[in-house]
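Thanks for coming. I will take a few minutes to walk through one structure, starting with the whole chain and ending with single residues.

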Amino acid sequence: MNLLKEKGIPIENQLKTWHDIVKRPYSRACEDNYTRVRQILMNGIETEAWGFKHCWVRKTDDNELKKVLVNIRRIEDMQQTTVNWLSPVNQTILDTTLGYEQVAVDLTAWLSQNEDDPYVKETFDFGLLEDFDHLYRYSQFANLVEETDPNEILHNNTDVLIGRPTQFHHNCNGLRIRKAYDKNTASPKTKVNILTLISGEQQTHNYYAEHGFMYGNTDLKRLYAEICDVEEEHVTMYETLVDPNETPFEKWLVHEFTEACCYHNCYKDETHPRIKLIWEELFQMELGHLQEAAKMFEKYEKKDPESVIGNQAVYPCTFKSQKEYVKEILMKETNKRVDKDGTYNTVDKLSPEWRSYLIQEKVNSKGAPSEQAINLSCCAIGRDIAIADEELLNSEDKLLKKSLQQSYNAPNTIQTEEYKQFNKLNADKYLY
Ligand SMILES: [Fe+2]
Ligand SMILES: [Fe+2]
Ligand SMILES: [Fe+2]
Ligand SMILES: [Fe+2]
């Protein structure tokens, strides 16, 4: 389908009543966990659509353009309210957090397998193992603080296990920057894949920044602070993949195209009949936005919008269990680190002067909250909360051994010997 040829709902017909903006939420125990996952991602997509137009309006003195942007931006804002407020009121902050990390893991795994640019794919795989580890750290607190079995949220579709340990995600600012694609040769799919992930990571960062303090538990607050900083790094890592020479009009086209593709993808896959209708309507609205963006692009840049976004819809957010793919990357890449000029290296090949050591020595010098999460779990139940097949559960000590650093590990790092002990205690016993 060529989305540029679809008319959708014209922008002048998109203003709604408050009754229509606020819809009934899905239920915490939703039949399909990917209903929640789609809702979390689309909230991030709308927030990005809104924020992008604010940044642009602040920088242009073209009043005609401003009016169009302000008009569509208001609709993006109302869409964001509709989507975000589909969250059920009895879904706790930690429940939602597990949902956010499930989005990150299963989305990144999907995008990586559908990405043609090898460097972009490598960067996706790199980020994948970090969000996978976040899910594991938060799961300890979901059990400790709220007695939640992570599968109440994850529905057995995503494993809970050590990844690249979070204490090693903190990099020197200069090293966070990746190599940008060239807008003239990058495929529309690459552009959409990256923008989808930037939006998801930015939303995750904002959620942790705005909710981490809402628990009366200092260790958990510190874990939110630690992972919030990693999500800030993830936004940097993915946004620097984008060609900085794209014009604002090109970026606008990619934004509306991404929104429309994501809603179309959600509509196609949704199993919840009422939510499916919401995705359909929002898709039709985005087609209206895309028409406006295309019209303005033709007027201001005198070029064909297809030169930027092609003539085919893409599917940037097909959600399904990615356990097999994650396992493959997990077995290969927990020892990977980002090195000079956006290149990657393994821990054993890093120079002793690797600049991220200095950052980690500083931020982790009084202990890493992500290690404290496991320490607390050990005190409470004698082991970590881990959910995976037998082979993976028995690999925890080897996975850790591979990713430990020669030059610096946080003083409260859980050692491989302790992970070996975990294997002897049945993980299921503590959850059922
Ligand atoms: Fe939107
Ligand atoms: Fe994460
Ligand atoms: Fe992330
Ligand atoms: Fe839009």
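**The chain as a whole**

There are 17 helices and 2 strands in the chain, where helices (H or I, at least four residues) and strands (E, at least two) are DSSP runs numbered from the N terminus. The radius of gyration is 22 Å, close to the 22 Å that the globule rule gives for 432 residues, so the chain is as compact as a globular protein of that length. That radius is taken over C-alpha atoms, and the rule is 2.2 Å times the number of residues to the power 0.38.

This is a predicted model: local features need pLDDT of at least 70, side-chain atom pairs count only at pLDDT 80 or more, and totals for chains, interfaces and linings use all residues. Residues are numbered from 1 along each chain as its sequence is written, while chains are lettered from A and ligands numbered from 1 in the order in which they are written.

Along the principal axes, the C-alpha atoms fill a box of roughly 65 × 45 × 35 Å.

Now one helix. H10, residues 273–301, has 29 residues and spans 41 Å from first C-alpha to last, close to the expected 42 Å; the expectation is 1.5 Å times one less than the number of residues. After H10 comes Lys 302, with a positive phi near 55°.

Last, Arg 58, in the loop between helix H2 (33–57) and helix H3 (63–84). Is Arg 58 buried or exposed? Arg 58 counts as exposed because it has 8 C-beta neighbours inside 10 Å; the cut-offs are 20 or more for buried, 12 or fewer for exposed, and partly exposed in between, with C-beta atoms placed from the backbone.
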